[in-house]
Amino acid sequence: MIKMIEIKTSRLTDSDELNRGVFAKRDIKKGELLHEAPVLPYPNEEHEHIEKTLLADYAFEYGQNHSAIVLGYGMLFNHSYEPNAVYDINFDNHTFDFYAYKDIKAGEEVLINYNGEVDNDDPLWFNEDYEERIAEREE
């Protein structure tokens with residue numbers, strides 16, 4: 001069986017160091033399971049420690065009382081407000097399951113909406129922080 005996805009350099013990020021993304025190695029049909037990413041859940045009250053690290057931008061909500069670090073390729077999917085993939089939390093298996101939201105062509109970057117829902121166009125948390133820091137500098 002040919003591996004479905006791979007990690008390659010993404011053109012979507014500005015960083016020289018953190019410019020990776022998930023790409024389709026073959027054509028993927030809508031609804032197809034792309035990846036089951038295991039998670040490391042932790043209680044929300046411990047998130048203050050994570051916030052002091054780079055991992056804070058990669059933590060996911062995991063139910064009402066927990067957050068999670070998503071392993072495997074799960075942390076490497078980039079954001080789009082017009083994603084071609086979605087994810088479901090599988091609490092029984094402790095995984096984030098990524099599915100094709102629409103047909104994805106071989107070589108295409110696989111993108112999710114970081115807000116968790118395909119049509120949620122709320123500003124992203126890291127963009128809000130960035131805009132606040134810029135506004136503070138201008139004052």
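User: Let's start with Phe-60: is it buried or exposed?

Analyst: Phe-60 is buried, because its relative accessible area is 15%. Buried means under 20% relative accessible area, exposed over 50%, and partly exposed in between, using a 1.4 Å probe and protein chains only. Keep in mind that this is a predicted model: local features need pLDDT of at least 70, side-chain atom pairs count only at pLDDT 80 or more, and totals for chains, interfaces and linings use all residues. Residues are numbered from 1 along each chain as its sequence is written, and side-chain values use heavy atoms, with hydrogens and water left out.

User: Thanks! How many aromatic pairs are there?

Analyst: The count comes to seven aromatic pairs. Rings of Phe, Tyr and Trp (its six-membered ring) pair if their centres lie within 6.5 Å; planes under 30 degrees apart count as stacked, over 60 as edge-to-face and the rest as tilted.

User: Why is the pair of Phe-60 and Phe-96 edge-to-face?

Analyst: Their planes are at 65°, with the ring centres 4.9 Å apart, so the pair is edge-to-face. Phe-60 is in strand 4 (residues 59-61) and Phe-96 in strand 8, so this pair links distant parts of the chain, 36 residues apart. Strands here (E, at least two residues) and helices (H or I, at least four) are DSSP runs, numbered from the N terminus.

User: And what about Tyr-62 and Phe-96?

Analyst: Those two rings are stacked, because their planes are at 20°, with centres 6.2 Å apart. Tyr-62 lies in the loop between strand 4 and strand 5 (66-70), so the pair ties together parts that are 34 residues apart in sequence. Both residues are buried, and Phe-96 has 0% relative accessibility.

User: Which residues do ring pairs link into a cluster?

Analyst: The cluster holds Phe-60, Tyr-62, Phe-77, Tyr-87, Phe-91, Phe-96 and Phe-98.

User: Switching topic: which strands does strand 8 pair with?

Analyst: Strand 8 runs antiparallel to strand 3 (residues 33-43), with five bridges, and antiparallel to strand 7 (residues 85-90), with six bridges. Two strands pair if DSSP finds at least two bridges between them. His-35 stands opposite Phe-98, while Val-86 faces Tyr-99.

User: What sits between strand 7 and strand 8?

Analyst: Four residues lie between them in a hairpin, and His-94 in the turn has a positive phi of about 55°.

User: Last one: how many helices and strands does the chain have?

Analyst: The protein chain has two helices and nine strands.
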